[in-house]
Amino acid sequence: MASFVSLNCSFPLQPPPSASSSSSSLSSPQSQPRKLIDILSSTCHQTTTTATRTTPASTPPPHNNYGGCSNLIKPIVVNGEPPTFVSAPGRRIVAVGDLHGDLDKTRSALEIAGVLSSDGQDLWIGGETVLVQLGDILDRGEDEIAILSLLRSLDIQAKADGGAVFQVNGNHETMNVDGDFRYVDSGAFDECTDFLEHLEECEYNWEEAFASWVDVSERQRDERKRSQSYWGPWNLVKRQKGVIARSALLRPGGPLASELARHAVILKIDDWVFCHGGLLPHHVSYGIERINKEVSHWMRGLGNTDSYLETPFIATRGYDSVVWNRLYSRDISDLYDYQISQIESILEETLQAVGGRRMVVGHTPQPMGANCKFNCSIWRIDVGMSSGVLDSRPEVLEIRGNKARVIRSKRDRFSELQVVDHV
């Protein structure tokens, strides 16, 4: 059961140190730009409308049709590779915060958002809804690849109905590509090992293996837990195997890193800006499409070519980088009025520079639930729902035009003690 809450207004981790990445002979999935198309069936008595990404025509587009019969005839138009600017006129937008490897909570969040079937079939039921996930799928949980696989499956299904699924990368995605595994759950190392075996069974067909993983991962996990001994978590050989598998998958140019490279770190949909940590004026001056391209090239292992930085500092490193910034999501109760006014002024300057009216961020858990500040110019929607964080009840943000509301599950309430312990 979900409840609808209308709002009227309605520092935990440090940036990662430099880390080297292991090499591997695994091939990465082919980088391909996508075309978004609204195909209206003949029963709607409309002609087909096509919207194309501004990418080279010579590159073949993968699973890229956005279709379905509806009264909405305007197409979703995406510019940038990875996606940076999106026009989605008339669409309902749902934003989901940090998931941190918890597949059960992910499904719960998507169900209350009205985009995932509750029958266990993982079917898209959102129609022309646009779903945005704000990063930090990796770390603190054991079902990371399964969640990524689920979102890819929903992306394919959503396109057929005229909807869309977008992801933005967070600091934990960039940390792992940088070889920083400090916050990896032991079960996530095992998942990497199991996934590589699954990839081998699929004869290294990445698309087949990745898309099907969510269907087989839970069985693999259950079998693994039944077979491991009491001392399993301390098996150093097993752990070493997991680290090697993770390094092979997530090193720059690795297949999973290249999968993450399909996604932006900054996404603008109509008047709404989505990013994990927070956008600042100097990010906009640098160029948000440029930032997205540099991070994508780095994840694909192209950091030493095309004049792109090996590690895009402005996006992935430092307290004021796009994925680490907590200026907008921090608790402001201990600040002086002039400091709060400065933050609001920076937010207004940023939104004006990027041509947006509202920003949505994750990154910093909000113990009291998703909320907005500064006349709702900023929405903070990381509620720490993962069992590896606060184990709180799922919440999502629903956007219709310039209005937004929080949808909350009435289940999975967390205790005050858990919140205090985490903070």
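Which residues in α4 meet which residues in α6? Before selecting them, note that this is a predicted model, where local features need pLDDT of at least 70, side-chain atom pairs count only at pLDDT 80 or more, and totals for chains, interfaces and linings use all residues. Residues are numbered from 1 along each chain as its sequence is written, and side-chain values use heavy atoms, with hydrogens and water left out.

**Stop 1: α4 against α6**

Select helix α4 (residues 186-201) and helix α6 (residues 236-250). Helices here are DSSP runs of H or I with at least four residues, strands are runs of E with at least two, and both are numbered from the N terminus. On the α4 side, pick Ser-186, Ala-188, Phe-189, Asp-190, Cys-192, Thr-193, Phe-195, Leu-196 and Glu-197; they meet Lys-238, Arg-239, Lys-241, Gly-242, Val-243, Ala-245, Arg-246 and Leu-249 in α6. Contact means heavy atoms within 4.5 Å. By class, the residues of this contact divide into eight nonpolar, three polar and six charged. For that count, Ala, Val, Leu, Ile, Met, Phe, Trp, Tyr, Cys and Pro are nonpolar, Asp, Glu, Lys and Arg are charged, and the others, Gly among them, are polar.

Now look at the geometry. The axes of α4 and α6 come within 8 Å and cross at roughly 65°, so the two helices are roughly perpendicular to each other. Axes are lines fitted to C-alpha atoms, for helices over the stretch in contact, and angles run from 0 to 180 degrees between N-to-C directions. Angles under 35 degrees count as roughly parallel, over 145 as roughly antiparallel, 65 to 115 as roughly perpendicular and the rest as oblique. The crossing of α4 and α6 is left-handed: that is the term if the near helix is turned anticlockwise from the far one by less than a right angle, and right-handed is the term if clockwise.

Stay on α6 for a moment. Its 15 residues reach 21 Å from first C-alpha to last, close to the 21 Å expected at 1.5 Å a residue. The expected span is 1.5 Å times one less than the number of residues. Color Gly-242, Ala-245, Arg-246, Ser-247, Ala-248, Leu-249 and Leu-250, which are buried. Buried means under 20% relative accessible area, exposed over 50%, and partly exposed in between (1.4 Å probe, protein chains only).

**Stop 2: α1 against α2**

Next, bring up α1 (103-112) and α2 (144-160). Their axes are 10 Å apart and they pack at an angle of about 30°, so α1 and α2 count as roughly parallel. The crossing of α1 and α2 is right-handed. To see the contact, show Leu-103, Thr-106, Arg-107 and Leu-110 of α1 with Ala-146, Ile-147, Leu-150, Leu-151 and Leu-154 of α2. That contact has seven nonpolar, one polar and one charged residues.

**Stop 3: two single residues**

Center on Phe-210, in helix α5 (residues 206-227). Phe-210 is buried, at 1% relative accessibility. Leaving aside residues up to four places away in sequence, Phe-210 touches Ile-145, Leu-148, Ser-149, Arg-152, Phe-195, Leu-256 and Glu-259.

Then jump to Glu-142, in the loop between β8 (130-133) and α2. Glu-142 counts as buried at 19% relative accessibility. With residues up to four places away in sequence again left out, Glu-142 touches Gly-101, Asp-185, Gly-187, Ala-188, Glu-191, Arg-221, Arg-224 and Lys-225.

**Stop 4: helix α9**

Select residues 288-299 for α9, whose end C-alpha atoms are 17 Å apart, in agreement with the 16 Å that its 12 residues should span. Nine of the 12 residues are buried, so α9 is largely enclosed by the rest of the structure. Among the buried ones are Trp-298 and Met-299. Arg-290, by contrast, is partly exposed at 43%.

**Stop 5**

Most residues other than glycine have a negative phi, and most peptide bonds are trans. His-100 has a positive phi of about 40°, and this residue is found in the loop between β7 (92-96) and α1. His-363, between β12 (358-361) and β13 (371-373), has a positive phi of about 80°. Finish at the peptide bond from Glu-81 to Pro-82, which is cis with omega near 10°.
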